[in-house]
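Please look through the model below before reading on.

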Amino acid sequence: MKHILSFILLFVLSISVQAQSVFDSRRADVNGDGVVDVADVSALVLVMSGPGSADALVKGDVNGDNIVDVADIATVISVMASGGISFAPANVVAVDLGLPTGTLWANMNVGAEEPEDYGLYFAWAETEGYPSDPQIDRVFEYGTYKWMNEGKDTWDQINKYQLNDSLIEGCWYDKDLNFIGDGKGEIELQDDAAHVNWGGDWVMPTLKQIRELINNTTSEWVLQNNVLGRLFTSTKNGESVFFPAAGYRSGSFLLGDELGGVYWTSTVLSTRRVRTLAFYADDALVKHNARYNAFPVRAVMKKKESGK
């Protein structure tokens, strides 16, 4: 079976596949596990070798041509090569600012429908977002934060993304003051609000990518379609991205909207605090904030090399 699958994979990789925008890429998740990978190719081979029932046609007709054949395997592999399933709205654009690392910035926030929309607010390393209305859904504090020891509501009980930060009161140090935490300083994909909500290659920006944005653009406080925010314009190619001044949610309040914006990075400063992009009417800079607060998320992806 392995030899047959290997042969099929090699054959399919030689096929020129059409752009994936013509169909719902979630159809490539043949085995229904939420991920498009080689297991879906294996599942599709099993469908092709089966009795050809109506159910098999529904599962196996990935490209929507009413036939289950090698072209469907090619489509699955193409989705894999393009970063997997993308749930991003159709009007999301990956803006090329000509940055040295090839980072592309989304033209709107996660949860937004337009560039001027605030989108959703996320506590750091949580993937469920909440709207700007502070009366809805959630109070943001340590007691409601996901990554806490059960029943605890103080910062020293954070139980994931723990650094050796000399905060010896934290549960990531033992009674002899030895560090026993997980040492994770960058967010994992399953906790990344951009990746979980939009899929594909979309992720939250690192600290390095935030600094790159600031250092390779000019920025100005603007009113865009009646929404205040900061417009970052590339010094490399003149392209720009707008960040609305969405403020943030903390406790039961929405704070600072129309005065500035704070956006998460994927990078931990200390167990208690995470790096952020912050801006106001007069400046944009790197800061850091407590993880239980809820900020908007602006997604990034890396530019694919030509022919890949």
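Helices (H or I, at least four residues) and strands (E, at least two residues) are DSSP runs, numbered from the N terminus, and two strands pair if DSSP finds at least two bridges between them. This is a predicted model, in which local features need pLDDT of at least 70 and side-chain atom pairs count only at pLDDT 80 or more, while totals for chains, interfaces and linings use all residues. Residues are numbered from 1 along each chain as its sequence is written, and side-chain values use heavy atoms, with hydrogens and water left out.

Three strands make up an open sheet in the order β1-β2-β13, and their pairing is antiparallel. β1 (94-96) and β13 (300-302) are the edge strands; each has a single partner, so one side of each lacks a neighbour in the sheet. On average, neighbouring strands of this sheet are turned by 40 degrees against each other, direction ignored. Axes here are lines fitted to C-alpha atoms, for helices over the stretch in contact, and angles run from 0 to 180 degrees between N-to-C directions. Between β1 and β2 (residues 103-106) there are 3 bridges in the antiparallel sense. Within this pairing, D96 stands opposite L104 in β2. Helix α6 (residues 207-215) packs on the sheet and touches β2 and β13 (contact means heavy atoms within 4.5 Å). The direction of α6 makes about 85 degrees with that of β2.

Strands β4 and β5 pair in the antiparallel sense over 8 bridges. S219 has F232 in β5 as its bridge partner. The two strands, β4 and β5, form a hairpin with 2 residues between them, and N225 in the turn has a positive phi of about 50 degrees. β5 is also joined to β6 (residues 240-244) by 5 bridges, and these strands run antiparallel. There, R230 has F243 in β6 as its bridge partner. The hairpin of β5 and β6 has 5 residues between the strands, and G238 takes a positive phi near 80 degrees.

Most residues other than glycine have a negative phi. N226, in the loop between β4 (217-224) and β5 (227-234), is not a glycine, yet its phi is positive, near 70 degrees. Y161, also not a glycine, has a positive phi of about 60 degrees and is found in the loop between β3 (122-123) and α5 (193-198). Is each of these residues buried or exposed? N226 is exposed, with a relative accessible area of 72%, whereas Y161 is buried at 0%.

Notes: Buried means under 20% relative accessible area, exposed over 50%, partly exposed in between (1.4 Å probe, protein chains only).
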